[in-house]
Amino acid sequence: MPGNILKVMVKPGDTVKSGQLLLLLEAMKMENEIYAPCDGVVTAVTVSVGGSVNSNDPMVVIG
C-alpha cells in the first residue's frame with residue numbers, strides 16, 4: 001500500500017529471522033509494521049526514513 005517510511009530497523013548485512021520487525025510504514029494515517037517473511041541476511045534496504053513508497057515497491061531485500 002502507498003505510504004511513508006517512519007522508521008527502518010535493519011541495515012544491509014544484518015541477519016534477520018522470520019517475523020522480525022523490519023520497518024514502520026505510515027499508510028492511511030495508520031502505522032503498519034512490516035515483518036521479515038523469512039530468515040536470511042539483509043542484502044539491500046531500498047527506502048529511507050521520510051521516503052514514500054507505492055504498492056509493490058521493494059523495501060528490504062533478504063537473501
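This report walks through the fold, the sheet and the surface of a predicted model.

## About the model

Residue numbers start from 1 along each chain as its sequence is written. Because the structure is predicted, local features need pLDDT of at least 70 and side-chain atom pairs count only at pLDDT 80 or more, while totals for chains, interfaces and linings use all residues.

## Overall fold

The protein has seven strands and zero helices, so the radius of gyration of 11 Å, taken over C-alpha atoms, can be set beside the 11 Å of the globule rule (2.2 Å times the number of residues to the power 0.38). The two values are close, so the protein is as compact as a globular protein of 63 residues. Strands here are DSSP runs of E with at least two residues, helices are runs of H or I with at least four, and both are numbered from the N terminus.

The C-alpha trace spans about 30 × 20 × 20 Å along its principal axes. Of the contacts (heavy atoms within 4.5 Å) with a separation of 6 or more, 44% link residues 24 or more positions apart.

## The sheet

Let's turn to the pairing. Three strands form an open sheet in the order β2-β5-β7, paired antiparallel; two strands pair if DSSP finds at least two bridges between them. At the edges lie β2 (15–16) and β7 (60–62), each pairing on one side only.

Strand β5 (residues 40–45) is joined to β7 by three bridges, and V42 stands opposite I62 in β7.

## Burial and surface

Buried residues (under 20% relative accessible area, 1.4 Å probe, protein chains only) make up 29% of the 63. The protein exposes about 4,000 Å² by the Shrake-Rupley method with a 1.4 Å probe, and carbon and sulfur atoms supply 55% of that area.

Key:
Heavy atoms only, no water. Buried < 20%, exposed > 50% of the residue type's maximum accessible area, 1.4 Å probe, protein only.
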